[in-house]
Amino acid sequence: MDPRIVSDAHFAGLAKVRQARMMSGEERMLAGPRLFAGVCERMKEGLRDERPEADEEEIHQLLLQRLARLKKLESGRHAIP
Amino acid sequence: MVMGSFSSNRYGVPRATNDADFVLKLMAEDRERLFSSLPAAFKVDPQVGFEMVTGTWRQIIQVPEIPFTIELFELSSDPDDVSRFARRRKLTLLSRESWLPTPEDVIIQKLRWSKSAKRTKDFDDVVAVMGVQGEAALDWDYIRKWCAEHGTLEMLAEATTEAAPLWEDA
């Protein structure tokens, strides 16, 4: 691999860790659901683009369906915390 | 005790999550009391599942409109689970008392799951926890002891190699 890519990956990882160290433990915990809310907003933007005729309730239902499908792919009935 | 991604986010690099996992030490009658006290928006899955590594009781609670999932796991008699629960720390979250495992126990558990479920995100969480906590802050003898029990020493070495460059300014 090009050593510049390896170096960029190293600094990207370091930047994330430095940013996380500057946050409190509570801020880091609460960031998880906030980041997820941001993911949902991006997914909704994509759904609105796909289905311009759909109203917000339909978009929300489509989002729930896609998330459920993703969850199903990720885990079966047996799970781990 | 809070487990899963909330616990690794507490000690590592936060990642998006829409589920909260809890390990509970509850009697059967306490479960019923807990479920009946939940707000109407919380939907308790009628089907009970099982935790993958130790096979203990697992209950899913959905909050469909957000959407958010809560998974409750019963404390097992597995020696590692018992040790982790005994070492848990009391912390404040949103002005409420909450219990979390130590960072060492998050690393041990996530490596165990990574081995069992082959989930790359668990391994990434381990590297992130090691990276943010720093080498000097972790009890490596304790981590190695449990990883030897679980057959995850090789994965621990791999994660340590990945985390080492992140320790340079810890």
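The chat below goes through helix packing, the nonpolar cores and the chain contact in a predicted model.

Trainee: What should I know before looking?

Mentor: This is a predicted model, in which local features need pLDDT of at least 70, side-chain atom pairs count only at pLDDT 80 or more, and totals for chains, interfaces and linings use all residues. Residues are numbered from 1 along each chain as its sequence is written, and chains are lettered from A and ligands numbered from 1 in the order in which they are written.

Trainee: OK. Which residues touch the most other members of the largest nonpolar core?

Mentor: That core has 21 residues, and those touching the most other members are Ile107(B), Leu111(B), Val126(B), Val129(B), Met130(B), Val132(B) and Ala159(B). A nonpolar core here is a set of buried Ala, Val, Leu, Ile, Met, Phe, Trp, Tyr and Cys residues joined through C-beta atoms within 7 Å. Buried is 20 or more other C-beta atoms within 10 Å of the residue's own, exposed is 12 or fewer, and partly exposed is in between, with C-beta atoms placed from the backbone.

Trainee: Which elements supply it?

Mentor: At least two residues each come from α1 (3–22) of chain A and from α4 (103–117), α5 (120–133), α6 (140–150) and α7 (153–163) of chain B. The largest share, six residues, is from α5(B). Helices (H or I, at least four residues) and strands (E, at least two) are DSSP runs, numbered from the N terminus.

Trainee: And what is Val129(B) in contact with, leaving aside its neighbours within four places in sequence?

Mentor: Ser8(B), Tyr11(B), Gly12(B), Pro103(B), Val106(B) and Ile107(B). Contact means that the C-beta atoms, placed from the backbone, lie within 7 Å.

Trainee: Switching to helices. How do α4(B) and α5(B) cross?

Mentor: Their axes come within 8 Å and cross at roughly 160 degrees. Axes are lines fitted to C-alpha atoms, for helices over the stretch in contact, and angles run from 0 to 180 degrees between N-to-C directions. α4(B) and α5(B) are therefore roughly antiparallel; the classes are under 35 degrees for roughly parallel, over 145 for roughly antiparallel, 65 to 115 for roughly perpendicular, and oblique for the rest.

Trainee: What residues meet there?

Mentor: From α4(B), they include Val106(B), Ile107(B) and Leu111(B), and from α5(B), Val126(B), Val129(B) and Met130(B) are among them. By class, this contact has nine nonpolar, two polar and three charged residues. Ala, Val, Leu, Ile, Met, Phe, Trp, Tyr, Cys and Pro count as nonpolar, Asp, Glu, Lys and Arg as charged, and the others, Gly among them, as polar.

Trainee: How do α5(B) and α7(B) cross?

Mentor: Their axes come within 9 Å and cross at roughly 55 degrees, so α5(B) and α7(B) are oblique to each other. Val126(B) and Met130(B) of α5(B) are among the residues making the contact, and Ala159(B) is one of those from α7(B).

Trainee: Now the chains. How many residues does the contact take from each?

Mentor: 24 from chain A and 33 from chain B. On the chain A side, α1, α2 (25–50), α3 (56–74) and β1 (78–79) each supply at least two residues, and α2(A) gives the largest share, 10 residues. That side has 14 nonpolar, five polar and five charged residues.

Trainee: Where does α2(A) stand relative to α1(B)?

Mentor: The axes of α2(A) and α1 (residues 4–11) of chain B come within 7 Å and cross at roughly 140 degrees, so α2(A) and α1(B) are oblique to each other. Arg28(A) and Met29(A) of α2(A) are among the contact residues, as are Phe6(B) and Asn9(B) of α1(B). The residues of this contact divide into three nonpolar, four polar and two charged.

Key:
Two residues are in contact if their C-beta atoms, placed from the backbone, lie within 7 Å.
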